[in-house]
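Subject: The model to look through

Hi,

Here is the structure I promised to pass on. Have a look at it first, then read my notes below.

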Amino acid sequence: MDWNLFTSTTIYASVLALLSLGITLIYMTTKVFNFAHPRLSLVAAYAAATLMAYYAQSTGAQPNLTPKSSFLGSLTVPFSWEFYVIGVIVAMVFGVIAALVEYYGILKPLQRRGADYLMLMIATLAYDFLLVATLFIYNTHVDVRKVLARIGVLSTKMSMTSYDVTIVTSGGAFISGSFIFSVILILLLGVSLYLLLFKTTLGVKMRASVENPPLAEVLGINVERVYAISWIISGLTAGLAGYLMLMAAGAGNLKPISATSPADEIVVSAFAGSIIGGVNSIFGSIVGGLLIGYIELYIPNWLAIWTGNAELFKYSKVISMLAVAITLLFAPEGLAGLLKGERWKKLFGRKEEEGVSEE
Amino acid sequence: MAEEEPIMRLENVNAGYEKLQTLFDVSLEIPRGKITVIVGPNGAGKSTLLKTLFGLTTVYSGKVIFEGKDITGLPPHERAKLGMAFIFQLNNIFANLTVIENLRLAGHDLPKDELEKRINEVFETFPRLRERMYQKAGTMSGGERQMLAMGIGMIRKPKLFLIDEPTAGLAPKIAKEVLANVKRLNEQGYTVVLVEQNVKAGLEIGHKGVLVVSGRIVFDGPAEQLLARKDLAKLYLGLAV
């Protein structure tokens, strides 16, 4: 097995899972397909990079790239731990801010004026353009460039990959901090979402508000607050994805950060993950995102080896588009629908359990 | 309060949906502790009348009075706080939640032991729900769903239940069961206003009968009297006489 392909694909797949989750969550609660979602990650990445650079500058820290030996192998930690913690927190905070600005600044006022789903969807595209423009302006800001340049991060195409924590094991295997972080993140996310949704009152309220808003309201549940919480979670996960994009540019299909990249390329894959997971399933979206990440890189890789034509790598997005087409044609409810078994029952001709009929 | 004092009253109400008027000069009293059954042909305004009681329509003129207070124009969630429970015809439960989750959700703002006590009361009234406690509500039969919808209402101990066509789309046997449950609800002391398309079965469990035709009240009196009025039955209800 190609270890490097596996780790970088895993990081990429985790980014997709985080983004697909955000897209699905927002679709389930506010019924908006948020095309600006991947861009929220870029806002978070820019904010994180800037504040990490400021932190390094203010403490006078210089990147230390000499490896130390540890029980895992030779370990390189270029900056102190606070540097990375600041990055994660800032990314999450700015992801949330960008998401809430979108919801309260644009979508909510439009909804109040009676905008339908299509109008809201186009409004998310408009917000996306607005963010691109804002990031471009920010990019060319002299002070920002100076700060970022001081620790060696160019501001028009940013990457902090060289400052990622790395471990080279005695066997020679290369493990990056982003890889470990992404694996832990996905596991934690799955577990905490499960606990939130199924073990807390807030979670039950969330599921109720998603399923039947008028009834939830009649029972005195603040549906509006539930929507706000889902936008906050969506912003948090977008922020985490942004942090990974910053720290692991080059992993999978992740490109260095700029106003447009990698959001422009990744938006297709993130939506593919959401659709394949079944647009109405939170856990489906995580699995769908991961799946898209893996097949998007592994299938072209196999094809390239099989045909001896490395050019085939360029067509990785075709794989995710095909996956979407197949899902919509044969299993429109996505993985979640398949797991529910409805499709299997239909396939094998078993009688459907009918709710509203005779016993 | 005196037995005769009605819990709710409509005074010369003209109402409808936005600009489409469907109720004309309706005056009605809802007696406390009784089942009031609203019947009438399709499109007569039965559901509009029920929704007007809960504030789901536009009232152009007239007064809606609940327990002596003028509540015309009060939004539905405020009426819910005053002690009114509206059970929708469809989508009146959370299908993806379990039975117990549905009930806990209904009493989310109650203290924990009070909530458990009330859930127990629901289970005593509808023992079937206890058996289905951990089942997803959406997998239950139509009759059981209506049972749960009433249970959700009971958790909040409303003074008045407004139930919109609970038997629509159900097999006759199940429909009978649902109406028996409405009766059981009333026997627990709850006041009920019921809109029912099955005129005969509805009026049989009701105390008061109201016949609505073309947005006007044509009959308002004891349910058995309405049931006995062959002339009205023939004219409006399509009952075999």
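A residue counts as buried if 20 or more other C-beta atoms lie within 10 Å of its own, as exposed if there are 12 or fewer, and as partly exposed in between, with C-beta atoms placed from the backbone. By that count, 45% of the 359 residues in chain A are buried.

Some housekeeping before the rest. This is a predicted model, and local features need pLDDT of at least 70, side-chain atom pairs count only at pLDDT 80 or more, while totals for chains, interfaces and linings use all residues. Residues are numbered from 1 along each chain as its sequence is written, and chains are lettered from A and ligands numbered from 1 in the order in which they are written.

How far does the predictor trust itself? It gives the complex an ipTM of 0.73 and a pTM of 0.82. For chain B, the mean pLDDT (the predictor's confidence in each residue, from 0 to 100) is 90, and 95% of the residues reach 70 or more. Confidence in chain B is lowest in helix 10 (residues 230-237), at a mean of 73, and highest in strand 8 (residues 191-195), at 96. Helices (H or I, at least four residues) and strands (E, at least two) are DSSP runs, numbered from the N terminus.

Now chain A. It has 14 helices and four strands. Its radius of gyration (taken over C-alpha atoms) is 22 Å, close to the 21 Å from the globule rule (2.2 Å times the number of residues to the power 0.38) for 359 residues, so chain A is as compact as a globular protein of that length. The C-alpha trace spans about 75 × 50 × 40 Å along its principal axes.

Next, the cores. A nonpolar core is a set of buried Ala, Val, Leu, Ile, Met, Phe, Trp, Tyr and Cys residues joined through C-beta atoms within 7 Å. The largest one has 90 residues, and A:Ala45 and A:Ala49 touch the most other members. Helix 1 (residues 3-30) of chain A brings the largest share, 13 residues. A separate, second core of 80 residues includes B:Ala44, B:Leu148, B:Met150 and B:Leu203.

Which residues does A:Ala45 touch, leaving out those up to four places away in sequence? They are A:Ala91, A:Gly242, A:Tyr243, A:Met245, A:Leu246 and A:Ile257. Contact here means that the two C-beta atoms, placed from the backbone, lie within 7 Å.

Four of its strands form an open, antiparallel sheet in the order 2-1-4-5. Two strands pair if DSSP finds at least two bridges between them. Look for B:Ala15, which stands opposite B:Val59 in strand 4 and opposite B:Leu23 in strand 2. In the hairpin of strands 1 and 2, with two residues between them, B:Glu18 takes a positive phi near 50°.

Last, where the chains meet. The contact takes 19 residues from chain A and 25 from chain B. On the chain A side, helix 7 gives the most, with six residues.

Happy browsing!
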